[in-house]
Amino acid sequence: MTHKAKNTKYKKKNNMYVYGNAVKKAEAVPSKKYSPQIVPHKKHRPTEQDRQQEREKIRKINRNNRLNLVYTLAVSGIVVAMFAICWQYLSVQAKVKENAAAVHSLQKELTELTNKNDEMELEINTNIDYDSLYKIATEELGMVYPERDQVITYEAGVSEYVKQYSDVPEAE
C-alpha cells in the first residue's frame with residue numbers, strides 16, 4: 001500500500017492530479033501550443049503559362065482599381081452637383097421670401113395711402129358748399145348755364161378725365 005501512495009505522489013504533472021483544496025479546474029479546451037507551419041517547397045520553376053496567369057491577375061486588379069477610381073470620381077461629381085443644386089435652390093427660396101416680404105410691405109403701404117387719399121377726398125368733398133359756389137359764380141362773376149345749342153357731346157373713352165390735345169370737334 002505504501003508503494004501505491006508513493007506512485008500517486010510523484011505522478012507526472014501533465015495529468016494535473018493534485019490532492020487537497022488547491023485543485024485547479026480542468027480547462028475546457030486545451031491551450032494551443034506553438035506548432036511551426038510547414039511551407040511547401042516548390043519543386044519546379046514557374047512555367048510561361050503560370051507567369052501569364054499571374055500577369056492576367058495583376059491586370060484585372062489594376063483594371064478594377066481604375067474602375068473603382070472612375071466610379072468614386074463619378075459619385076463625387078454627382079454629390080458635388082447635387083450640393084450645388086441644393087445651394088442654388090435654397091438661395092432662390094431665400095430671395096423669393098425676401099421679395100414676398102417686400103411686396104407685402106409695399107401692398108400695406110399702398111393700402112394705407114389709398115385709405116388716406118380716400119379720407120382726404122371725402123373731407124374735401126364734404127367741405128364744398130355748392131350753394132355759396134353757385135351764388136358767387138352767378139352774382140359776382142356773372143356766369144350763366146349754357147344753352148342747348150352750345151353743348152357738344154362726344155365719347156371720352158375709358159379714362160375718368162380728359163386731356164385736350166386739340167380743339168373739340170364741331171357739332172353736326
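Visitor: Why is Arg-59 called partly exposed?

Guide: Its relative accessible area is 48%. Buried means under 20% relative accessible area, exposed over 50%, and partly exposed in between (1.4 Å probe, protein chains only). A value of 48% falls in between, so Arg-59 is partly exposed. Before we go on: this is a predicted model, where local features need pLDDT of at least 70 and side-chain atom pairs count only at pLDDT 80 or more, while totals for chains, interfaces and linings use all residues. Residues are numbered from 1 along each chain as its sequence is written, and side-chain values use heavy atoms, with hydrogens and water left out.

Visitor: What makes the contact of Arg-59 with Glu-56 a salt bridge?

Guide: The term asks for a side-chain nitrogen of Lys or Arg within 4 Å of a carboxyl oxygen of Asp or Glu. The closest N and O atoms of Arg-59 and Glu-56 are 3.1 Å apart, so the pair qualifies. Both residues lie in helix H2, three residues apart, about one turn of the helix. Glu-56 is partly exposed, at 32%.

Visitor: What makes H2 a helix?

Guide: Helices are DSSP runs of H or I with at least four residues, strands are runs of E with at least two, and both are numbered from the N terminus. H2 spans residues 48-127. The protein has three helices and zero strands.

Visitor: Why is Tyr-130 called exposed?

Guide: Its relative accessibility is 53%, and that is over 50%, so Tyr-130 counts as exposed. Tyr-130 lies in helix H3, residues 130-140.

Visitor: What makes the nonpolar surface patch with Tyr-130?

Guide: Ile-124, Ile-128, Tyr-130 and Leu-133 make it, with about 410 Å². Patches take residues with over 30% relative accessible area and no salt bridge; like charges are joined within 9 Å, nonpolar side chains (Val, Leu, Ile, Met, Phe, Trp, Tyr) within 5 Å. Accessible areas come from the Shrake-Rupley method with a 1.4 Å probe; for residues, only the protein chains shown count as cover. Tyr-130 passes the area test, because 53% is over 30%.

Visitor: How much of the protein counts as buried?

Guide: Of its 172 residues, 1% count as buried. The accessible surface comes to about 18,700 Å², of which 58% belongs to carbon and sulfur atoms.

Visitor: Where is confidence lowest, and where is it highest?

Guide: pLDDT is the predictor's confidence in each residue, from 0 to 100. The mean is lowest in helix H1 (residues 2-9), at 52, and highest in H2, at 91. The protein averages 79, and 67% of the residues score at least 70. Where pLDDT is low, the predicted coordinates should not be read in detail.
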